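Subject: Model handover

Hi,

Here is the model I promised to pass on. Have a look at it first, and then read my notes below.

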Amino acid sequence: MQRLIDDGNLLWASTRDRQKAALIEAAGAPPLAPDINQPETWSTLEVLSGHDCRVYFLVPPSKIEVDLLEQLLTRFARIRPQRLMLCSSTVVFGKASRIVNADSNVDIDSERAARQFAVEEVFRNSILDSRVVRLAGLYGEDRIVGRQSVLAGETLRGSAQSYLNLIHVDDAADLLIRVTHSQTAAQHELGSDGTPILRGEYYHLLAQQLSAPDPLFAGADTGAEGRRCDNALTCGRNGWKPQYPDCSQVLKRL
């Protein structure tokens, strides 16, 4: 959000989270009041009419009604945004051991993946120009995956021999902005740092930096690697390159 403001954009934003709403106002973004699940609030979107606008969506699949989301996008047709952007998740690629890129087929193997893909399909079927960016696990200086679990000495679910796919929050923001303006972006793009890391290796490094014992894993080492994200197609199509090609430099600053 701050990146968009710094680039000279006039920004509106909406959230039902009070803490996030305070951050939105502190960043200088006039708040909007629409709630996807409450059509009676959608009239506030008319403030966007007449503006050369692009719209970003981060939609929690478990908290919205898909049929209402379809109606909301139809409502956006009155505003005529240049592009709709959906921040999605690599969960739609499933857990099977394979390398996936932006053009890989989905593998819907869980309820969470099914909900996420249903939201994606609403955007894909919209009459508006839309793009979907499937993001790997977000992390940053104030968002370290597993930090509290390691400090608490918890046993971690899953196997040490499976992979984590990550992307720094700054790189994710940069990619979303790139795809928003890109003339060569595909319908679906993939955001990751391109360097999958074994969970055991990641948590060993994290524990070292936190001066904590290496955590134990509850899952058996079955040799299943899980999905590994390859960002090469997205990088090439959008002239994008992650500033953080792996998570080590951030972890080493803890």
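This is a predicted model: local features need pLDDT of at least 70, side-chain atom pairs count only at pLDDT 80 or more; totals for chains, interfaces and linings use all residues.

**A buried arginine**

Residues are numbered from 1 along each chain as its sequence is written, and side-chain values use heavy atoms, leaving out hydrogens and water.

Back to R227, which sits in strand β10 (residues 227-229). Helices (H or I, at least four residues) and strands (E, at least two) are DSSP runs, numbered from the N terminus. What does the side chain of R227 have beside it? A polar atom of that side chain lies 2.7 Å from the backbone oxygen of G94. Beyond its neighbours within four places in sequence, R227 has contacts (heavy atoms within 4.5 Å) that include T90, V91, F93, K95, Y163 and N165.

**The sheet**

Four strands make an open, parallel sheet in the order β1-β2-β4-β8, where pairing takes at least two DSSP bridges between two strands. The edge strands are β1 (54-57) and β8 (188-191); each has a single partner, so one side of each lacks a neighbour in the sheet. From one strand to the next, the twist averages 20°.

β1 and β2 (residues 83-89) run parallel and are joined by four bridges. Across that pair, V55 stands opposite L84 and Y56 opposite M85.

How many residues of β2 are buried? Seven of the seven are, so β2 is largely enclosed by the rest of the structure. Both of its faces are covered, with R83, M85, C87 and S89 buried on one side and L84, L86 and S88 on the other.

Helix α6 (residues 169-181) lies across β1, β2, β4 (130-135) and β8, and runs at about 145° to β2. Axes here are lines fitted to C-alpha atoms, for helices over the stretch in contact, and angles run from 0 to 180 degrees between N-to-C directions.

In α7 (residues 199-209), the buried residues are R199, Y202, Y203, L205, L206 and A207. They pack against α5 (147-151), β6 (163-164), β7 (166-168), β9 (197-198) and α9 (248-251).

Most residues other than glycine have a negative phi. Which residues are worth a look on that score? R80 is in the loop between α3 (66-76) and β2, and is exposed with a relative accessible area of 69%.

One more loop residue is G28, between α2 (18-26) and β1. G28 is exposed too, at 54% relative accessible area. From G28 to E65 it is 37 residues in sequence and 30 Å in space, C-alpha to C-alpha.

Cheers

Key
A polar contact is a pair of N or O atoms within 3.5 Å; within protein, one must be able to donate a hydrogen and the other to accept it, and residues adjacent in sequence count only if both atoms are side-chain atoms. Buried means under 20% relative accessible area, exposed over 50%, partly exposed in between (1.4 Å probe, protein chains only).
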